[in-house]
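Thank you all for coming; I would like to take a few minutes to walk through one structure with you. Please have the sequence and the model open while I talk.

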Amino acid sequence: AITRYLAEEFRLAGTTPLERAEVDSLYCFWFSTMRNNGVSHDGDFFSIAALKEATLCDGDGNGIANLRRPRYEDVQRLETLNEYSRAEVSLIALDYFERRLEENNNNNNGTGNNSGWLVGNSCTYVDLGLFYVLFELAEPDNVPNFDEVLGLPRLGRFVKMVSEQPHI
């Protein structure tokens with residue numbers, strides 16, 4: 001509740017009722033996956049450590065290339081997600097945000113705005129939450145070139161864009 005309150009106070013919740021609903025939905029997804037339902041930043045639903053381990057195993061046939069990456073919408077039931085490794089579930093969550101950036105920034109569909117943000121034309125609190133997780137993923141002792149290694153070019157550009165914002 002405090003996150004949403006502060007987001008409203010600092011105009012980080014979206015500019016229209018529809019944007020606020022989209023931001024809230026994405027925040028719920030971010031919180032349940034990348035924050036492991038608020039329990040930990042490294043757990044069953046998202047694990048930087050598991051992604052790092054998978055990238056280190058890439059040469060022996062157990063790495064990123066062999067991980068399954070279905071769409072989250074196709075495996076969202078908990079009993080289905082239990083069939084995937086922590087690295088696979090982590091990639092599924094990252095892929096979801098990669099697609100979201102594509103959807104919001106694709107001018108070809110008439111709704112995109114090319115702003116680089118997840119929702120609308122300005123930074124929201126879910127952008128900041130995603131940034132801090134990706135910033136940690138990109139640290140030198142984790143997966144510094146995650147965008148190339150994991151095939152997430154939009155998320156890589158997103159980190160660069162947010163890093164270049166004043167006061168970030």
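Predicted model: local features only at pLDDT ≥ 70, side-chain atom pairs only at ≥ 80, totals over all residues.

Residues are numbered from 1 along each chain as its sequence is written, and side-chain values use heavy atoms, with hydrogens and water left out.

Coming back to G14, you will find this residue in the loop between helix 1 and helix 2, and here helices are DSSP runs of H or I with at least four residues, strands are runs of E with at least two, and both are numbered from the N terminus. Which residues does G14 touch, not counting those up to four places away in sequence? They are E19, R20 and T124, where a contact means heavy atoms within 4.5 Å. G14 and T124 are 110 residues apart along the chain, and yet their C-alpha atoms are separated by 6.3 Å.

R11 is exposed, with a relative accessible area of 74%, and has a positive phi of about 55° although it is not a glycine. Most residues other than glycine have a negative phi. N37, in the loop between helix 2 and helix 3 (48-56), also has a positive phi, near 55°, and N37 counts as partly exposed at 42% relative accessibility.

Let me now turn to the overall fold. The protein has 9 helices and 0 strands. The radius of gyration, taken over C-alpha atoms, is 16 Å, close to the 15 Å that the globule rule gives for 168 residues, so the protein is as compact as a globular protein of that length; the rule itself is 2.2 Å times the number of residues to the power 0.38. Buried residues make up 43% of the 168 residues, and, among contacts with a separation of 6 or more, 55% are between residues 24 or more positions apart.

Helix 6 (residues 86-104) has 19 residues and reaches 28 Å from its first C-alpha to its last, close to the 27 Å expected at 1.5 Å a residue, the expected span being 1.5 Å times one less than the number of residues. Of those 19 residues, 15 are buried, so helix 6 is largely enclosed by the rest of the structure. R100 is found in helix 6 and, at 15% relative accessibility, counts as buried. Leaving aside neighbours within four places in sequence, R100 is in contact with E22, L26, L118 and V119.

Helix 7 (residues 125-137) has 13 residues and reaches 19 Å from its first C-alpha to its last, close to the expected 18 Å. Its buried residues include Y125, F131 and L137. Against what do the buried residues of helix 7 pack, then? They pack against helix 1, helix 2, helix 3, helix 6, helix 8 (146-149) and helix 9 (153-163).

Methods. Buried < 20%, exposed > 50% of the residue type's maximum accessible area, 1.4 Å probe, protein only.
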